[in-house]
Every structure is written in C-alpha cells, then in structure tokens.
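I opened the notebook to record what I looked up, one topic at a time. Here is the structure I worked from.

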Amino acid sequence: MAQNTNCETCPAHNIQNLKKLGIDMANFNYVIALAGNPNTGKSTVFNNLTGLRQHTGNWPGKTVSRAEGGFAYNDSRYKLVDLPGTYSLLSTSTDEQVARDFILFGQPDVTIIVVDATRLERNLNLVLQVLEITDRAVLCLNLMDEVRRYKLKIDVRALSRDLGIPVVPAEARQKVGMPELLNYVDQVAKGVYKCKAYRFKNLPANVENAVNKISAQLSESYPNIPNSRWVALRLLEGDQSIIDAVTSGDLGKIIQSEMGKEPILVQE
Amino acid sequence: MTKFDKIINTANELRWEIGDNVHDSIIESIYADAAKIADKNVTSENREQVPTFDRFVDRLVTSKWLGFPIMFALLALVFWLTIEGANYPSSMLASLLIDSFHPVLKSLAASIGLAWWIDGLLLDGMYLAMAWVISVMLPPMAIFFPIFTLLEDFGYLPRVAFNMDNLFKRAGAHGKQALSMSMGFGCNAAGVIAARIIDSPRERIIAIITNNFALCNGRWPTQILIASIFIGSLVPAHLAGFASAGAVVFVAVFGIVMSLVVSWGLSKSVLKGEASAFSLELPPYRPPRILRTLYTSLIDRTIFVLWRAIVFAIPAGMVIWLVSNITISDISLAEHFISWSNPLGLLLGLNGVILLAYIIAIPANEIVIPTILMLTVMSSEIFGIGRGSGVMFELDSVNATADILIAGGWTTLTGINLMLFSLLHNPCSTTIYTIYKETGSLKWTMLSTFLPIVMGIVLCFFVAQIWMLLA
C-alpha cells in the first residue's frame with residue numbers, strides 16, 4: 001500500500017495525531033524545552049502545541065518564569081516547557097539563568113529554538129550557545145510572513161545543513177509549520193533523526209586547549225555530566241554559580257533534581 | 001583538597017594563563033560564527049531593511065516631539081472609551097444583580113426561615129459585595145483590557161519603553177522599568193514579577209519598589225468613578241466625559257512622574273549606582289489578531305482579575321457587615337472607628353469613612369468604593385437609599401452615587417484627594433507578598449509598603465491645606 005505509507009510520512013496527516021493535553025503532564029515520555037530570543041513567538045508555539053492559553057504579547061520579556069504544558073503525538077506523551085526569552089546564556093540575570101539551567105541540567109530530550117527569521121544573525125548567537133549545550137534541537141524559523149514582508153530569502157536546507165539540526169519554517173500565529181515542527185521533534189526525540197550540532201569553530205587555540213583540559217577532569221568526576229565542554233567554558237570564565245555547583249558537589253545532585261525546581265530569584 | 005576543588009584550581013590557573021579576555025574571545029567567536037552562517041543563508045532583495053510602514057510609524061511614535069503627546073493621547077483615548085462605554089452596562093448589571101436578584105434571594109431566605117444574622121452575613125454582606133464588584137468592575141475591564149492587549153499585540157509597549165528610557169536612565173533606573181511599569185498598569189503583582197527582566201539587582205529593586213505608582217486595575221474603577229462624579233460635574237455636561245478622562249490621565253501620569261522621582265531618590269540614597277546600559281529590540285508591528293486578543297484578554301485578564309476581586313470581596317463583605325452590626329454600647333464598631341479617625345481624615349481632605357475603607361480593602365483595592373458607599377450611608381444615616389446597616393449596594397446611576405457622597409459631606413476636595421490617595425497608598429496584600437517573595441527581603445518589602453502611604457498622607461495634607469486657604 002504505497003499510498004498509505006506516503007500518508008503516514010506526510011506531516012499534514014500526522015497533525016491529526018496531535019493531542020493537546022493542556023496541563024495534564026502525567027507519565028510523559030519526553031521533555032521538550034522551548035528556547036529563543038525574547039518576542040519571537042515561543043509562547044505562541046507553546047499554546048499551539050499544548051492547547052493552553054499562555055498570555056502572549058508583542059514585547060520582549062513577557063515570559064519571566066517557566067510555563068509547562070503537555071501534548072501527545074504519535075503515541076508518545078510530551079512535556080513542553082516554555083523558557084523565558086533570552087539573548088544569550090552567558091550572563092547572570094534571573095531569566096537567563098532559568099533558561100540556561102533548564103537546558104543544561106534539566107536535560108530536555110529536545111530543545112525547540114524559536115527564532116525571529118527576520119533577525120537571523122542576532123538570533124543565531126543564542127542558537128549556537130544552545131547547540132553548544134545540547135545536540136538534540138530543532139530550529140523553528142518563525143515569522144516567515146515577516147520575512148516575505150521584508151523581502152528576505154532564507155535557504156532553509158542549507159541552514160539546516162550548517163547547523164546540523166532540522167530547520168522548520170513557520171508562522172506560529174497562523175499555525176503554519178506546526179505539523180512539520182511536531183514531526184521533527186518526534187523524530188529527534190526518538191533518535192530517528194540524528195543531529196550533528198554545530199560547535200564553536202573560531203575559539204582561539206589557547207582557549208580550546210584549556211577547555212579540553214578542564215572538560216576531561218570534569219568527565220572523570222561526573223561521569224553523567226550532560227555537557228562537560230560547556231561547563232568547562234563556564235568555569236574558565238569564572239561563572240560563580242557553576243563554580244559553586246562544582247565545589248559543593250551539587251552539580252551531580254542538580255543533574256538529578258533540576259527538573260522540578262522553581263526559578264532562582266535574585267537575593268539582596 | 002577534593003577532586004572538585006582540583007577542577008576549579010585547574011580552571012583558575014588556565015584563566016590566568018589565557019588572560020582576562022576569555023569572555024570576550026568566546027563572545028567574539030560566537031558572533032563571528034553566527035554572522036558567517038546568517039550571511040551565507042539569508043539574501044535580501046531590497047536594500048531598505050525595514051518596511052516603510054514600520055519606519056514611518058516608528059518615526060512618529062518615538063519622535064522627540066510627538067512621542068509623548070501621542071502616548072498621552074492614546075492613554076486618554078483608552079480611558080475615554082472605557083468611561084463612556086462602561087457606564088450603561090454597569091448600571092444594567094447592577095439593576096439585574098442587586099435591584100432584581102437580591103430581593104428575590106432575601107424573600108427566599110425569609111421563606112425558609114433563615115436566622116437574621118445568617119441572612120445578613122450571606123446576602124447583605126457576601127452576596128452584595130460580590131455583586132457590586134462584578135457590576136462595577138466587569139464592564140470597564142472588559143473594555144480596557146482588550147484595548148490595552150491590542151496595543152500590546154501591535155507592538156506599542158516597547159516603543160513606550162524606548163520613549164521612557166532616557167527619563168528612567170536620568171533617574172538612575174533601568175530603561176526596561178518602563179515595561180514592568182506597563183505591566184503594573186494591569187496588576188502590580190504582575191508588574192513586580194515582570195521586573196525579573198532587569199538584570200542588575202539594584203535596578204530591579206528600584207523597579208519593584210516603584211511599581212505601585214502604576215495605577216492597577218483595582219484602582220482604575222475608583223479613579224474613573226470619582227472623576228466622573230467630581231471632575232465631570234465641574235464642566236458642562238457634553239464635556240464631562242473628556243474632563244473625567246483627562247483627570248484620570250493626569251493621575252496616571254502623575255503616578256509615572258512619582259515613580260521617576262522615587263527611582264531617582266532611591267538611586268541617590270539607599271540604592272546608589274549608575275544606570276546600566278541595555279539594548280532594547282523594537283519588534284516589528286504586527287497586525288493585531290482581534291478575535292484572539294479579545295478571547296485571551298477576556299480569559300487571561302478580565303476573568304482572572306475579576307475572580308480575584310470576587311474572592312477578596314466576599315470575606316470583605318462579611319467583615320463590613322460584622323463591623324457594622326457588632327455594637328459596643330449601642331454604637332457599631334465601624335462608627336466607633338469612623339468618629340475616632342474622622343478628624344485625621346478631614347485634616348487630609350478625606351474623612352474617617354475613607355480611612356476605614358482603605359483598611360478593610362487592604363486585600364484588594366477593588367472593594368474600596370463599595371465599602372466607602374456603604375459606610376457613608378451608615379454613618380450619615382441617609383434613609384431610604386441603603387437597606388440597613390452593613391448592606392453594600394450599587395446605585396442605578398452615577399448621579400445617585402454622587403447624591404450619597406455629597407450628602408455624606410463630600411466636596412470636590414474629597415474627590416480629588418481620594419483620587420490622589422488611591423494612587424499613593426500601600427500596595428494590596430497580594431502585591432506586598434509578591435514583593436517579599438521576589439526580593440526575599442523584609443527591608444525592601446517594608447519600604448515598598450510604607451513609602452507610598454507616607455507620600456500619600458503628606459500630599460493629601462498639603463493639597464487639603466492649600467485648598468482650604470484658597471477656598
């Protein structure tokens with residue numbers, strides 16, 4: 001039944017298999033994180049997939065803590081976590097820490113990175129930082145309608161090849177691209193699609209050597225560490241929260257327990 | 001030395017070897033990679049980067065001369081629509097819930113022989129408090145929030161932040177404070193949480209402390225009602241709507257000024273420091289999705305806020321009924337307090353009723369007006385309007401409300417000072433709790449709580465004294 005197989009691989013068919021579960025997140029098989037710059041439509045994607053109605057607004061910084069929801073797709077149950085929008089994962093503001101800690105320690109099965117396609121270069125800064133932490137990511141190239149309005153052209157396939165992850169053009173406000181996004185998320189989560197995430201190429205040699213040295217020691221002390229290279233970079237930069245996590249031995253514990261943690265608040 | 005300390009030592013040594021430019025070289029390498037990838041995969045057909053419509057609107061709303069006038073005009077338009085639009089549905093809801101439904105409930109209670117005090121507590125206290133909050137709050141919120149959300153959806157808020165940035169910077173605060181302040185116009189507790197977008201702890205605390213100067217939805221109805229009664233009546237009838245809207249805009253803008261002044265004061269005293277730089281992205285204008293916005297603003301904001309108001313109004317209605325009906329030597333607790341605090345109230349251009357109402361309404365600003373009306377009727381014993389002590393009621397029109405307040409000894413001064421005091425007083429208990437949770441500090445929570453109320457008392461005192469000198 002050739003026709004049938006075609007249908008089954010067609011995303012338009014598979015959208016029928018999406019079941020929005022709202023806040024029902026019991027017995028999930030996979031955890032999906034939603035990352036991205038502020039105001040790129042993360043919450044809109046979140047709402048589309050979960051059927052929840054997180055407040056959306058056209059201004060950067062609307063989501064400051066995590067929102068969670070669930071959906072089921074192709075017989076798997078997913079927990080979706082909407083992270084605060086950030087420009088980078090390198091500074092120490094509360095919202096960036098929430099996002100960074102979750103991607104690093106929460107070890108989501110897939111991270112969806114939502115970007116504003118009209119400002120690709122700036123958005124890629126965050127994308128590369130996320131890819132430095134996790135391999136398994138899907139890029140949601142949102143606001144493609146704006147791309148047309150700005151008269152830009154984006155080579156989606158080449159971009160996907162360069163980044164080593166699936167890239168999905170989307171217009172989340174119109175629900176365009178959601179079936180394809182789901183399809184890729186499903187494939188990456190189940191290991192059908194194997195990502196080869198881009199890693200920084202232009203690090204100066206002395207930094208690269210130092211990172212390798214530290215990361216070797218880290219992997220020795222923490223065999224299950226999600227990404228020793230990234231932690232090594234942070235230690236090299238002197239990131240106090242990561243230093244504390246390493247010296248206290250908490251890094252191991254955090255790896256276990258970060259999943260249900262409240263956002264960290266700035267103390268006086 | 002543990003193996004963990006050893007790792008840190010290695011990192012520290014290596015950092016010394018490389019020098020202090022580790023951070024910069026990492027950032028540089030990321031930016032270089034990002035630029036390369038983007039350059040390779042994006043081609044642009046037009047040389048003008050931004051569509052002309054966006055550029056045109058941006059030039060207009062962020063222009064040096066027109067930026068602020070446009071902002072005030074938009075604000076005034078929103079309030080005018082709210083004031084004009086809410087009047088009729090408000091009185092309709094009131095006549096339905098209070099004039100029609102309340103007597104039905106009362107006679108039902110009588111027919112099943114409910115004890116007078118259960119009947120009073122449930123129907124005259126709790127039910128009426130809830131009914132009042134619904135009829136006075138639902139219509140303005142159902143108009144105000146969707147319009148505000150449409151502006152937000154369109155992309156106007158970041159432009160406001162852009163306009164305000166320079167002012168906040170001069171006040172030693174963070175430019176993004178304009179965004180947390182905008183959230184405060186909806187709800188101060190939400191505004192306090194929104195201050196998380198500010199990186200520097202110093203500026204974040206300033207934003208949290210000053211958020212209360214943004215009038216929240218619980219206070220808009222008070223402002224709108226009092227402005228309609230006392231400011232609207234000062235001008236000919238056909239201008240009343242504009243005058244009232246203007247007065248509300250004035251109070252709102254005065255709140256913004258206060259938040260700048262207090263930010264400046266804090267950054268020069270207990271929270272010394274320079275304003276930090278940040279980049280603010282002006283998102284493209286997006287055509288608002290009207291139906292969806294109506295839906296989400298109704299569910300997220302209107303119903304959510306209304307629900308909260310009802311939850312707080314029900315116990316408050318009980319308290320009001322109790323203080324009006326528990327008597328010591330034949331005089332109710334409420335009357336004891338009112339006659340005791342009245343001299344202080346008058347000194348401030350307010351009265352004892354308003355002071356008591358603000359104490360009862362600490363959990364929620366929304367119930368200030370119903371409490372005031374009920375207490376006024378009770379203490380000035382206007383018969384034939386209220387239905388016995390402890391009954392919160394709604395009056396069919398703004399005029400009837402005005403009659404009660406004027407009979408209760410209210411003047412234009414009382415109205416003006418109530419508007420000012422409603423702007424400058426302690427945050428509601430939810431906001432206070434949120435501030436404590438966000439700062440983790442009793443000190444800043446106390447400051448945020450008592451600073452505005454001290455300012456309100458001082459301001460009302462001076463306004464009252466000057467008013468009396470001139471009158």
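**Entry 1: Chain B overall.** I note first that this is a predicted model. I looked up the make-up of chain B and found 19 helices and three strands. Its C-alpha trace spans about 85 × 60 × 55 Å along the principal axes. Of the 471 residues in chain B, 49% are buried. I also checked contacts between residues at least 6 apart in sequence: 75% of these join residues at least 24 apart.

**Entry 2: Helix H9 of chain B.** I asked how many of the 10 residues of H9(B) are buried. The count is nine, and the helix is mostly covered. Among the buried ones are B:Arg202, B:Glu203 and B:Arg204, along with B:Ile208. What do the buried residues pack against? I found H7, H8, H11, H18 and H19 of chain B.

**Entry 3: H9 against H11 in chain B.** I picked one of these partners. H9(B) covers residues 201–210, and H11(B) covers residues 240–268. They pack at an angle of about 140°, with their axes 10 Å apart. That angle makes H9(B) oblique to H11(B). Their crossing is right-handed. On the H9(B) side I listed B:Ile206, B:Ile209 and B:Thr210. They meet B:Ser259, B:Val262, B:Ser263, B:Leu266 and B:Ser267 of H11(B). I sorted the residues of this contact by class: four are nonpolar, four are polar and none is charged. The spacing of the numbers made me recall a general rule. An α-helix has 3.6 residues a turn, so residues three or four places apart point the same way.

**Entry 4: H18 against H19 in chain B.** H18(B) and H19(B) pack at about 150°, and their axes are 8 Å apart. Why do I call them roughly antiparallel? Angles over 145 degrees count as roughly antiparallel, so the pair qualifies. This crossing is right-handed. H18(B) brings B:Ile432, B:Ile435, B:Tyr436 and B:Thr439 to the contact. H19(B) brings B:Trp444, B:Thr445, B:Ser448 and B:Thr449. By class I have four nonpolar residues, four polar and no charged.

**Entry 5: The sheet in chain A.** I turned to chain A and found an open sheet of seven strands. The order is E1-E3-E4-E2-E5-E6-E8, and the pairing is mixed. E1(A) and E8(A) stand at the edges with a single partner strand each, so one side of each has no neighbour in the sheet. The twist averages 25° from one strand to the next. Inside the sheet, E5(A) and E6(A) run parallel and are joined by six bridges. There A:Thr111 stands opposite A:Ala137. H7(A) packs on the sheet and touches E6 and E8 of chain A. Its direction makes about 150° with that of E8(A). H8(A) also packs on the sheet, touching E2, E3, E4, E5, E6 and E8 of chain A.

**Entry 6: Where the chains meet.** How many residues of each chain are in contact? I read 58 in chain A and 59 in chain B. Several elements of chain A give two or more residues to its side, including H4, H5 and E7. H9(A) gives the most, with eight residues. The chain A side has 25 nonpolar, 19 polar and 14 charged residues.

Notes. Residues numbered from 1 in each chain as written. Chains lettered and ligands numbered in written order. Predicted model: local features only at pLDDT ≥ 70, side-chain atom pairs only at ≥ 80, totals over all residues. Axes fitted to C-alpha atoms, helices over the stretch in contact; angles between N-to-C directions. Helix = DSSP H or I, 4+ residues; strand = E, 2+ residues; numbered from the N terminus. Parallel < 35°, antiparallel > 145°, perpendicular 65-115°, else oblique. Left-handed = near helix turned anticlockwise from the far one by under 90°. Contact = placed C-beta atoms within 7 Å. Nonpolar A, V, L, I, M, F, W, Y, C, P; charged D, E, K, R; others polar. Buried ≥ 20, exposed ≤ 12 C-beta atoms within 10 Å, placed from the backbone. Pairing = 2+ DSSP bridges.
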